[in-house]
Amino acid sequence: MSTAVWPPLPHDELIKEEEASRTRVLEWLLSSLQDTLHSLKAGLEDCAALLAPKEPGSTLVLSSLRSESLKGFVARVGARIVKGDVNLKLSSLPPPRGLSSYKLSISSAPQAPTLVLEQLTTARTSINSCLDVVDATTWTGDAKNANFISGQLQLLFENVQEANQALKGRPEVQKNWWENPVDEKIFDPPLPPNLSFHLSISEAALVLHIRTLEPATPSTPITSAPSYSGFSIRDRLAVALGGTRPPMHDEASECFPWKGQDVRVKDKVRVESQDPSLMAAMAKLSALEHNVALSRRALDIVMGRDES
């Protein structure tokens, strides 16, 4: 079944009517997008509040699964780690005499460097940029100019996406652990020179990697990746006779540039702690990203930019 205008309009008049109809739809959409922008601003302000540096902050427990390798906590205020104690029990990191574990403590000295989570700084910066875009679109731009609104939505989408990716912590947007070692003076006493402390965000969780390192010299080559299904017979015999257990982690066969020298990873521990504030912020950002994408799609269709 089909519908048609009767009596049929001349072709030129039909084109004019279609253009007039598209203009009316575009005017209605641009008007409704102003309400959408107000809603987006409220959501962005909620995200900004969740990431803002508010005392007392979030205290997150860190504990390795099925082992006593790592136990401790950190306190986060905004993008800064302001307090933390981590106790390590690793064969490659003997504790001081008289202690059962090696303790790492965030220094409380006023002159001590600050441990900053760059991903959270990126997320906050992107959210603030989003709020600037919304304000510029609402108060200083031409709300009836479809090209202007389309460009602002594109800019808004890119910033929301960047903030969301920062909290998701995908490998492609993170620095490698060996590229940006933390300042050992952040801790009291300072970190041992053979220890890597790497804190990051992944899927709105705080992830800590502890690695003990050794120089990569010809005398300690690792020619192939170890088997993770169990010891070989030769390895079992070596351990039974008092030898050193071979490393059992995914980086055992690799060599990394670390502070001007090549190193290998002896022991590696990974723990993560879910952060409720970051989880809420990421959920809101995902919803905002979806809503902005729908608004852009609708405007492109009405403007005749739909490529599908």
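Reader: At what angle do helix H2 and helix H3 pack?
Author: This is a predicted model: local features need pLDDT of at least 70, side-chain atom pairs count only at pLDDT 80 or more, and totals for chains, interfaces and linings use all residues. Residues are numbered from 1 along each chain as its sequence is written, and side-chain values use heavy atoms, without hydrogens and water. H2 covers residues 118-140 and H3 residues 146-168; helices (H or I, at least four residues) and strands (E, at least two) are DSSP runs numbered from the N terminus. Their axes (lines fitted to C-alpha atoms over the stretch in contact, with angles from 0 to 180 degrees between N-to-C directions) lie 8 Å apart, and the packing angle is about 160°.

Reader: How does H2 run relative to H3, roughly parallel or roughly antiparallel?
Author: The angle between H2 and H3 is about 160°. The cut-offs are under 35 degrees for roughly parallel and over 145 for roughly antiparallel, so H2 runs relative to H3 roughly antiparallel.

Reader: Is the crossing of H2 and H3 left-handed or right-handed?
Author: It comes down to how the near helix is turned from the far one: anticlockwise by less than a right angle is left-handed, clockwise is right-handed. By that rule, the crossing of H2 and H3 is left-handed.

Reader: How many residues of strand E7 are buried?
Author: Strand E7 takes in residues 205-215 and is mostly covered. With buried meaning under 20% relative accessible area (exposed is over 50%, partly exposed in between; 1.4 Å probe, protein chains only), the tally for its eleven residues is nine.

Reader: Over how many bridges does E7 pair with strand E9?
Author: Two strands pair if DSSP finds at least two bridges between them. E7 also pairs in the antiparallel sense with strand E6 (residues 195-202), over eight bridges, and there Ile201 stands opposite Leu206. In E9 (residues 261-274), Val271 is opposite Leu208 and Arg270 is the partner of His209. The E7 and E9 pairing is antiparallel too, and the bridge count is eleven.

Reader: Which residue in the turn between E8 and E9 has a positive phi?
Author: Strand E8 (residues 256-258) pairs with E9 in the antiparallel sense over three bridges, with Phe256 opposite Val263. In the hairpin of E6 and E7, Glu203 takes a positive phi near 50°. The hairpin of E8 and E9 has two residues between its strands, and the one with a positive phi of about 50° is Lys259.

Reader: What is the relative accessible area of Pro53?
Author: Pro53 sits in the loop between helix H1 (11-51) and strand E1 (58-63). Leaving aside neighbours within four places in sequence, Pro53 contacts Val77, Gly78 and Arg124. Pro53 counts as partly exposed because its relative accessible area is 44%.

Reader: What percentage of the residues of the protein chain count as buried?
Author: The chain comes to five helices and nine strands. Of its 308 residues, the buried share is 37%.

Methods:
Angles under 35 degrees count as roughly parallel, over 145 as roughly antiparallel, 65 to 115 as roughly perpendicular and the rest as oblique. Contact means heavy atoms within 4.5 Å.
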